[in-house]
Amino acid sequence: MTKTHPGHCCVFGLMWGDEGKGKVVDLLAGAYDCVVRYNGGANAGHTVWIGPEKFALHLLPAGILRTGVVAVIGPGVVVDPPTLRSEIAALQARGIAVAEHLRLSNRAHLVMPYHKAEDRLSEARMGDERKIGTTTRGIGPCYADKARRSTGVRFDDVLHEPNLEDRVLRILEDRRSALAALGGADDPGLDRAEVLASVRIARDELSQYVCDTTRYLFDAARQGRRLLFEGANGMLLDLDHGTYPFVTSSSTGPGGIAGGAGVPPTMLRRTLGVTKAYSTRVGGGPFVTELADETGDRIRKQGNEYGTTTGRPRRCGWFDAVACGYSARLGGATDLAIMHVDTLAGFERVGMCVAYECRGRKIEDPPAGVAELSRCRPVIEYLPGWGEEVRSAASRESLPDQAQRYIEAIERRTGVAATILSVGPERSQTLLSEPWRSCVAAGEPTS
Ligand code: IMP
């Protein structure tokens, strides 16, 4: 390992997902050998631009776009076989050689069509007030089956269980009775042919990528290869630490790596927390700094804040230093990446939430439960905005003074240095400080 290389690193979201992790991972992947997904499934969405070409990835790690990088889908990821198959096909059609560069864990669970049916039906039953606002990709029901054990289906089962199809059809019939009670007896996700098709795609088309990824990563690290972990979703959607129950069903932060990738926590050298210069959230749940007004609409428009996975308009608000500081603490962030600095250009003043007010008290840690969180009001400090175009800035120092002061305020509030700033969607519109600058230059991408 060269002196300046930061070593095995985790890129994770500090908010409710959609922070721009895909762009960061894609960029840093040039300096790494393996990019590893360890949590979530097709609920995640990365948009990566290479020149005029747009790539939307849900299951494949963003690093798959780099020549020479091995993309690993770890045991903690839940994999929807038809989705993975079509992502592979789309990249192959663009000349990206997926076969040599993908490893899929034999311990990863399959998302089945009945999981998606259950996700849709249980959300519909909850009504607008209580529904989680999931991506309906079957994530929660699949993780529930994994925890229930007898109803989980793993890639290893696909390879080795003699009567897997019979077992899956028995699970399906049990699920049909349960979902009939929710009015879903005819849901397409309960179609036998669909369910068997998923198992067969896994067996006939995906098994070529399946291996023990824990051994693969262990050996790779021992041989001096560098690992980049790509957290899906965001810390505030973490099953344990997020805004429960309005969360996803996995461990989204660096803490998820030990279980979800099977790589010991002692290996990690760097933890890069990614946030936007403001906040967004999709789906339900409390959002203390939400701006349900013209300012929020303007952020949405300027930042093109619509979901990659579902196309839903994202809820927008000012930067929340309380929530972000909490996430940085939980994830042990050594560095910050602040994305969308350009989106805030043109605002006369820019707000930052520096504390919550809850029942007449000022608090600096988010409460654990939604009842109390919903009572919190943001204490907003305003900083002068920046009018100039920042997209062409070549360094942090060449940003307008006001933008620099704003970034410093985020660093002060979170206690973490911002070593990456994004000022536009292109790879080139990213301002890197050390340790990334020299190592990314050294591993400059070929794609
Ligand atoms: P699920 O992960 O589909 O079960 O959705 C649970 C909650 O997490 C919902 O509010 C989703 O909108 C949200 N969510 C899950 N993944 C992402 C993501 O990658 N970005 C943003 N929100 C997400």
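Predicted model: local features only at pLDDT ≥ 70, side-chain atom pairs only at ≥ 80, totals over all residues.
Biologist: Which residues are closest to the ligand, and how many surround it?
Modeller: There are 16 residues around the ligand, and the closest are Asn43, Thr135, Asn233, Thr248 and Arg312. Residues are numbered from 1 along each chain as its sequence is written, and side-chain values use heavy atoms, with hydrogens and water left out.

Biologist: What classes of residue make up the shell around the ligand?
Modeller: The shell has six nonpolar, eight polar and two charged residues. Here Ala, Val, Leu, Ile, Met, Phe, Trp, Tyr, Cys and Pro count as nonpolar, Asp, Glu, Lys and Arg as charged, and the others, Gly among them, as polar.

Biologist: How far is the ligand's oxygen atom from the side chain of threonine 135?
Modeller: An oxygen atom of the ligand is 2.6 Å from an N or O atom in that threonine 135 side chain. For asparagine 233, a side-chain N or O atom is 2.9 Å from a nitrogen atom of the ligand. With aspartate 18, the distance from a ligand nitrogen to a side-chain N or O is 3.1 Å.

Biologist: And how much of the ligand's accessible area does the protein cover?
Modeller: The protein covers 97% of the 470 Å² that the ligand has on its own. Those areas come from the Shrake-Rupley method with a 1.4 Å probe, and for residues only the protein chains shown count as cover.

Biologist: New topic. How many aromatic pairs are there in the whole structure?
Modeller: A search finds four aromatic pairs. One of them is tryptophan 318 with tyrosine 382, an edge-to-face pair at 6.5 Å centre to centre, with 90° between the planes. Rings of Phe, Tyr and Trp (its six-membered ring) pair if their centres lie within 6.5 Å; planes under 30 degrees apart are stacked, over 60 edge-to-face, and the rest tilted.

Biologist: Where do tryptophan 318 and tyrosine 382 sit in the chain?
Modeller: Tryptophan 318 is in the loop between strand S13 (315-317) and strand S14 (319-320), while tyrosine 382 is in strand S18 (residues 377-384), 64 residues apart. Helices (H or I, at least four residues) and strands (E, at least two) are DSSP runs, numbered from the N terminus.

Biologist: Is tryptophan 318 buried or exposed?
Modeller: Tryptophan 318 counts as buried because its relative accessibility is 6%. Tyrosine 382, at 39%, counts as partly exposed. The cut-offs are under 20% relative accessible area for buried, over 50% for exposed, and partly exposed in between (1.4 Å probe, protein chains only).

Biologist: What about tryptophan 386 and tyrosine 406?
Modeller: They form a tilted pair, 5.3 Å centre to centre and 50° between the planes. Tryptophan 386 is in the loop between S18 and helix H13 (401-414), and tyrosine 406 is in helix H13. Tryptophan 386 is buried at 0%, and tyrosine 406 is buried at 1%.

Biologist: Back to tyrosine 382: which residue has its charged end over that ring?
Modeller: That's arginine 349, 3.6 Å from the ring centre. Tyr382 also belongs to an aromatic cluster with Trp318 and Phe347, and arginine 298 lies over the face of phenylalanine 347, at 4.0 Å from the ring centre. A charge sits over a ring if NZ of Lys or CZ of Arg is within 6 Å of the ring centre and within 35 degrees of the ring normal.

Notes
Near = heavy atom within 4 Å. Polar contact = N/O pair within 3.5 Å; in protein donor to acceptor, adjacent residues only side chain to side chain.
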